[in-house]
Amino acid sequence: MSASGAEPSVFSRIVAREIPATIVAETDRIIAFADINPQAPVHIVITTKTEEYRNVVELAAGDPGLLAELVAVAGRVATELSDGQFRLVFNTGAAAGQTVFHVHAHVLALKPSGDAAA
Ligand code: 5GP
């Protein structure tokens with residue numbers, strides 16, 4: 001159950017291993033996994049293991065250290081899975097395309113590492 005009393009978010013269910021996902025990185029407070037509906041050759045979701053923050057603005061205000069950790073994990077993942085050059089997208093609000101109200105970033109990269117043809 002989330003802090004709001006609502007059902008756990010889909011990402012909390014991934015953290016709890018209730019929903020399978022391809023997890024690519026994990027720390028005590030952050031988890032990164034492949035997006036189920038990739039919009040780029042490399043598309044990884046980076047999120048917090050708890051869901052008290054609905055979006056990046058709330059996270060920045062409430063726990064800037066955790067936001068910094070999330071960004072650091074994004075950078076590591078992008079370096080491991082691509083060439084370290086990437087878009088980091090935080091959809092914020094339904095009108096901006098946010099569908100999961102559990103703070104997360106999208107790492108979008110063009111070229112999987114080792115892809116000589118790209
Ligand atoms: P948003 O639209 O909120 O910025 O991003 C939510 C993302 O979560 C979407 O890109 C969507 O494809 C991804 N997503 C939703 N449900 C699942 C799921 O069950 N597993 C995985 N791996 N990704 C999901």
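Analyst: Happy to! A word on the annotation to begin with: UniProt positions are given in the numbering used here, feature names are shortened, and annotations may be inferred rather than shown by experiment. With that in mind, the UniProt record, an unreviewed entry, places the feature "active site" at His104. Residues are numbered from 1 along each chain as its sequence is written. This is a predicted model, in which local features need pLDDT of at least 70, side-chain atom pairs count only at pLDDT 80 or more, and totals for chains, interfaces and linings use all residues.

His104 lies in strand β5, which covers residues 104–109. Helices (H or I, at least four residues) and strands (E, at least two) are DSSP runs, numbered from the N terminus. Is His104 buried or exposed? His104 is buried, because 26 other C-beta atoms lie within 10 Å; the cut-offs are 20 or more such atoms for buried, 12 or fewer for exposed, and partly exposed in between, with C-beta atoms placed from the backbone. Leaving aside neighbours within four places in sequence, His104 is in contact (C-beta atoms within 7 Å, again placed from the backbone) with Phe11, Val45, Ile46 and Thr47.

Now for the ligand. The shell around the ligand holds 14 residues, and the closest are Ile36, Asn37, Asn91, Thr99 and Val100; a residue is near a molecule if its C-beta atom, placed from the backbone, lies within 6 Å of it. By class, this shell has eight nonpolar, five polar and one charged residues. Here Ala, Val, Leu, Ile, Met, Phe, Trp, Tyr, Cys and Pro count as nonpolar, Asp, Glu, Lys and Arg as charged, and the others, Gly among them, as polar.

Stepping back to the whole chain, the protein has three helices and five strands, and from the N terminus on its elements run α-β-β-β-α-α-β-β. Of its 118 residues, 28% count as buried, a class to which His104 belongs. Contacts between residues 24 or more positions apart make up 59% of those with a separation of 6 or more. Val24 is found in strand β1, and it counts as partly exposed because it has 19 C-beta neighbours inside 10 Å.

Definitions and conventions. Contact = placed C-beta atoms within 7 Å.
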